[in-house]
Amino acid sequence: MAVDDEPAVLAAVARDLRRGFGESYRILRADSGAKALELLTELRTRGDQVAMLIADQRMPGMPGTEYLVQARTIVPDAKRVLLTAYADTEAAIAAINEVALDYYLLKPWDPPEEQLFPVVEDLLTTWEAGAALEAGGLRIIGHRFSKDSHDLRDFLARNRVPVRWLDVERDGEARELLRVAGVEADRLPVALLEDGSVLERPTILELAERLGVAGQPAQDHYDLVIVGGGPAGLAAAVYGASEGLRTVMVEREAPGGQAGQSSMIENYLGFPAGLTGSDLARRATDQARRLGAELLTVKDVVGLRAEGAGRFVELGDGGTLSANCVLVASGVSYRQLDAPGFAELTGAGIYYGAALTEARSCAEQHVVVIGGANSAGQAAVHFAGYATRVTMLVRGTSLERSMSHYLIEQLSALANVTVRTESSAVAAEGEDGHLRRLHVRGPDGEEVVDADACFVFIGASPRTDWLEGVVARDERGFILAGPDVRDDGWPLKRDPFLLETNVPGVFVAGDVRARSIKRVASAVGEGSMAVSLVHQYLVDA
Ligand SMILES: Cc1cc2nc3c(=O)[nH]c(=O)nc-3n(C[C@H](O)[C@H](O)[C@H](O)COP(=O)(O)OP(=O)(O)OC[C@H]3O[C@@H](n4cnc5c(N)ncnc54)[C@H](O)[C@@H]3O)c2cc1C
C-alpha cells in the first residue's frame, strides 16, 4: 500500500509498482496516513495479507514515520519502506530504529528498474518466505507448553519448512482433526503430512526424513567437508563451492547457527536496516546451494579421523565423509542455567536462546529475559513488540559493559521493558507443567515474580568433545590454531596456516576457535579466509 499526500508522487509510485509487481500483488493507495490506517484495518478484518507499506515522510497531519509506527500494530509482518527527499536522509536513518524500517527510498527513484524494482523485489521475497511458512500443507498439533511440540516447531521454523501450528487447547480445528485422524490426546504432538499420513509423537529425525529435509551425500569424496552451518560454515560453503572445490557442509540442526536465532542483526555490514537471523540464514543457504555446495542438515558429526592424507568425518547415522580438508565451524551452544526447576521447565516456558517461534504466544504476557549481553538485549527488544511486559535480569551493575550502545538506547526507549541489574533467577516454579513463577535474587533480597515465559542467554561454550584426542583444544574446549599449535607437536616443516589446527588439513573458523571474536562478521570472515587457506594447503600437498 502506497501513502502520499502529493497526488503526482502517489500516482507515480502506484504506476511503477503496478508495472513491476502488479501481476502478483494488488497495489492500493491512500492520500493520507489516517485513511491508510482505516484501509489497513478493513483489510485485516477481511483476512487479507498486506505485504508492504510505502509511505512518504513529508505528509501534513501524520508524517510517514508516525503512520508506519501505527500501521505496524495492525500489520506487524508487512515490510515498511519510507519515501524521503535527500534532505530527509537523517530522519530516515533515525526511523530505522523507531519504526523498524526495512528500507528508505530516495525520491526520485528513476529509473525504477535500477532504483525501485530490485529493492521491492528483495523485500517481497523476504516477506513471501515468512508468509509461506505459515501457509504450508503440513500441520503440527500439540500442546503449547510441551517441550516436544516446541522442539518440533522450532526445528521446522529454523529449517524453513512451511507448517501450520494448531494448539490443541485453543483451537477447535485441532481437536476436530485429531478426532478424524483417530489420535488419542496422549499421543501429541502429531504431524499431519500433506500426503495425508499421520505421525504420532515423531522425533525430529523421523519428521526430517519424511519431509526430505535431511538429504544424503552425493559424492564419495570431497575437497572440503565443513562441520557446522552457522555464518562461518555457510561462508566457507559459498566460497568453497564458488571457487570450484567439491564442498559439503554438515549441520546438526538447521543452517544459520546462533545467528539464525537472532531476532535482528543490526551490525552486519551492508544491511543498514538490520536483518533477521533467519533471513541471513535463508539468503546464505540459497547462495551456497546456487553456487554448488551440498548442504546436509539434521546430521550430527561425531568423530574425525586422519589417516595419511585422508581426512574422515564420521556422522551420527553411521556414515562417513571422506575429504582432503575439513573445516570445523561448529560454534558454541547455550550454557544451561543450573537452578532448581529450570531443567524440568525447559521448553515449557523456559527457553534457551531467542526461541523466536514463541514470540507470538507471548501476547499479553510477562516475559523475563535473563542475561546482559547483546543477544539478551535483542531478545528483550523483540519480545517487547509482543508481550505486555518484559523484565531483564542482569547480573552486573549496569548494561554498559556487556551490551552495545545502540541496544541500550533501544531498550531505554521501550516503556514496557524493565532492566533489573544485580539480579538473577535462583529457581523456577511451574503449574500444570508450565512456568508460572521465578525466584529472583536482587540487591534487596529475594522475591517471587510471576512469569509466563523466560528466555535465558547466559553465555555459551563449545561442544568439541567429539574432537578429543584428535585436535588440540584449550582448557575450555575451544580449538587452537595457527601460531598456538606451532610449538606443540606440529608434524610438518612448514608453519601451520593461520586457521589450521594441529592436524594438517583440518581448519577451524568462527566462535569455536580459541580467542575468536564472537560476531557474525568475524565468523563470515574466518569462514571465507579458511577456504583460501584450504587452496594453499591443496597446492602444497
Ligand atoms: C541470539 C543471538 C543474537 C546474536 N546477535 C548478533 C548480532 O547482532 N551481531 C553479531 O555480530 N553477532 C551476534 N551474535 C553472535 C553470532 O551469532 C555468532 O558469533 C555467530 O553465529 C558465530 O558463527 P559460527 O558459524 O562460528 O557458529 P554458530 O553460529 O554457533 O554455528 C555453529 C553451527 O554448527 C552446528 N554444529 C555444532 N556441532 C555440530 C556437529 N557436531 N555436527 C554438525 N553440526 C554441528 C550447530 O548446530 C550450529 O548451527 C548473536 C548470537 C546469538 C545467540
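**Charged pairs and the ligand site**

Modeller: Asp167 is buried, at 8% relative accessible area (buried is under 20%, exposed over 50%, partly exposed in between, with a 1.4 Å probe and protein chains only). This is a predicted model, where local features need pLDDT of at least 70, side-chain atom pairs count only at pLDDT 80 or more, and totals for chains, interfaces and linings use all residues. Residues are numbered from 1 along each chain as its sequence is written, and side-chain values use heavy atoms, with hydrogens and water left out.

Colleague: OK, what does Arg170 form with Asp167?

Modeller: A salt bridge, with the closest N and O atoms 3.8 Å apart. The term means a side-chain nitrogen of Lys or Arg within 4 Å of a carboxyl oxygen of Asp or Glu. Arg170 itself is exposed, at 57%.

Colleague: How many salt bridges does the count come to?

Modeller: The count is 34. One of them joins Asp279 and Arg283 at 3.4 Å, N to O. Those two sit four residues apart in helix H11 (residues 277-290), so about one helical turn separates them. Helices here are DSSP runs of H or I, at least four residues, and strands are E runs of at least two, numbered from the N terminus.

Colleague: Is Asp279 buried or exposed?

Modeller: Buried, at 9%, while Arg283 is partly exposed at 25%.

Colleague: Switching to the ligand: which residues come nearest?

Modeller: Glu251, Gln258, Asn267, Gln378 and Asp511, out of 34 residues around the ligand; a residue is near if one of its heavy atoms lies within 4 Å. The shell divides into 15 nonpolar, twelve polar and seven charged residues.

Colleague: What is 2.6 Å from the side chain of Glu251?

Modeller: An oxygen atom of the ligand, with that distance running to a side-chain N or O atom. A ligand oxygen also lies 3.2 Å from a polar backbone atom of Arg519. Taken alone the ligand exposes 1000 Å², and the protein buries 95% of that (Shrake-Rupley areas, 1.4 Å probe).

Colleague: And where is Glu500?

Modeller: In the loop between helix H15 (483-486) and strand E26 (506-508). Glu500 is buried, at 0% relative accessibility.

Conventions: A polar contact is a pair of N or O atoms within 3.5 Å; within protein, one must be able to donate a hydrogen and the other to accept it, and residues adjacent in sequence count only if both atoms are side-chain atoms. Ala, Val, Leu, Ile, Met, Phe, Trp, Tyr, Cys and Pro count as nonpolar, Asp, Glu, Lys and Arg as charged, and the others, Gly among them, as polar.
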